[in-house]
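This report covers strand pairing, helix packing and salt bridges. It begins with one of the charged residues and then turns to the sheet.

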Amino acid sequence: MILTVTLNAALDVTYEVDGLVPNSSHRVRAVHQRAGGKGVNVARVLASLDAEVLVTGLIGGGAGAEIAEDLSRAGIPARFGAIEGTSRRTVTVVSGDATVFNEPGPAVTAEEWRRFRGLFRELCRDARVVVLSGSLPPGLAPDAYAELTEDARTEGARVLLDADHEALRLGLAARPDIAKPNAAELARAAGPGPVEEAARRLLAAGPAAVVVSRGPDGLLGVTPDGSWAVRPPRRLSGNPTGAGDAVAAALARALHSPGPLDWPGALADAAAMSAAAVLSPVAGDIDPSAYRAFLQEIACPSPQPPR
Ligand SMILES: O=P(O)(O)OC[C@@]1(O)O[C@H](CO)[C@@H](O)[C@@H]1O
């Protein structure tokens, strides 16, 4: 089973508008509301491909109850830890591209974290892969993902980490199997400069592999054995929110297969899933027929020797 962790779960609200103009009033053409946060999106994509998933994380208050109900309606299994605070909302305004507003989320107490770690260790026993993704809510120490990575590895699970700032930097030292920053997160963690050099600096900090999601420029996978770059078939317009989560879903599925990872195949699959996510109006969905079509179009990347 693949366990996805969303410590800062959210009710994701998506507004579709005809154009976004700062400092003006807008008519919203369509509203979507659903359970979100990065790990929830990863699980939703995986569930749509019939992978066995379990969602965990922290939820509280009315928004937390709505998150749990929405997942249950969607048939996605979840076992969350409860907190006193109220889960956040995020708002994405889509107008050809996307503008995202992420609330900080509720404060989590030391006792709530202690209880969650007990639940997490229990769930890890049945997990072959653990996906740790998204921002940390206030109150959690920046080494929260490092702690969870150690717990998961102790239980024999493989770990994919998609985080930012200190949570990413400290998480790397716990040696996840894949770190998946986007280009901005990579630059914040490894400093500016050419992407491959920055990815190699990140690799030196502990993970077994680094995959950088670069939006329209595609994906770069870097391991000690080589590197692979893959591009989307063409420039796409839509809602890129959640495209990185589709990449994480594809990589988690590849990690779930026993044996060594087929990097060219996994990266081509991740690029197809990410492109199919852009074409879907709401984060956490991929357009299944677009995904199949992109899989045919995207060539498996050839390896570049390690530098
Ligand atoms: O604040 P975080 O956890 O970094 O990001 C949260 C979030 O914006 O990311 C997803 C898209 O990746 C949205 O569905 C979600 O609510």
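## Salt bridges

With a relative accessibility of 45%, Arg 115 counts as partly exposed. The model is predicted. The side chain of Arg 115 meets that of Glu 111 in a salt bridge, with 3.7 Å from N to O. Both residues belong to helix H3 (residues 110-124), where they are four residues apart, about one turn of the helix. Glu 111 is also partly exposed, at 37% relative accessibility.

The whole structure holds 19 salt bridges. One of them joins Asp 285 to Arg 34, whose closest N and O atoms are 3.1 Å apart. This pair links distant parts of the chain, 251 residues apart: Asp 285 sits in the loop between helix H9 (263-278) and helix H10 (288-297), and Arg 34 in strand S3. Asp 285 is partly exposed, with a relative accessible area of 27%. Arg 34 has 13% relative accessibility and therefore counts as buried, the cut-off being under 20%.

Another salt bridge is formed by the side chains of Asp 217 and Arg 231, at 3.5 Å from N to O. Asp 217 is partly exposed at 34% relative accessibility, whereas Arg 231 is exposed, with a relative accessible area of 52%.

| Salt bridge | N to O distance |
|---|---|
| Asp 285 and Arg 34 | 3.1 Å |
| Arg 115 and Glu 111 | 3.7 Å |
| Asp 217 and Arg 231 | 3.5 Å |

## The sheet and its helices

Strand S3, which carries Arg 34, belongs to an open sheet of four strands in the order S3-S2-S6-S7, with mixed pairing. Strand S3 (30-36) and strand S7 (98-102) are the edge strands, each pairing on one side only. From one strand to the next the twist averages 20°.

Strands S2 (residues 10-16) and S6 (residues 88-94) run parallel and are joined by seven bridges. Within this pairing, Ala 10 has Arg 88 as its bridge partner in S6, and Glu 16 has Val 94. S6 is mostly covered, with five of its seven residues buried. S6 also pairs with S7, in the antiparallel sense and over five bridges. Thr 92 stands opposite Val 100 in S7. The hairpin of S6 and S7 has three residues between the strands, and in it Gly 96 takes a positive phi near 90°.

Helix H1 (residues 38-48) lies across S2 and S3 and runs at about 95° to S3. Helix H2 (residues 61-73) also packs on the sheet, touching S2 and S3, and its direction makes about 90° with that of S3.

## A nonpolar surface patch

Tyr 15, Val 28 and Val 31 form a nonpolar patch on the surface, and together they have about 240 Å² of accessible area. Val 28 is placed in the loop between S2 and S3. Val 28 has a relative accessible area of 36% and is partly exposed.

Notes:
Residues are numbered from 1 along each chain as its sequence is written. This is a predicted model: local features need pLDDT of at least 70, side-chain atom pairs count only at pLDDT 80 or more; totals for chains, interfaces and linings use all residues. Side-chain values use heavy atoms; hydrogens and water are left out. Two strands pair if DSSP finds at least two bridges between them. Helices (H or I, at least four residues) and strands (E, at least two) are DSSP runs, numbered from the N terminus. Axes are lines fitted to C-alpha atoms, for helices over the stretch in contact, and angles run from 0 to 180 degrees between N-to-C directions. Contact means heavy atoms within 4.5 Å. Patches are made of residues with over 30% relative accessible area and no salt bridge: like charges are joined within 9 Å, nonpolar side chains (Val, Leu, Ile, Met, Phe, Trp, Tyr) within 5 Å. Accessible areas come from the Shrake-Rupley method with a 1.4 Å probe; for residues, only the protein chains shown count as cover. A salt bridge is a side-chain nitrogen of Lys or Arg within 4 Å of a carboxyl oxygen of Asp or Glu. Buried means under 20% relative accessible area, exposed over 50%, partly exposed in between (1.4 Å probe, protein chains only).
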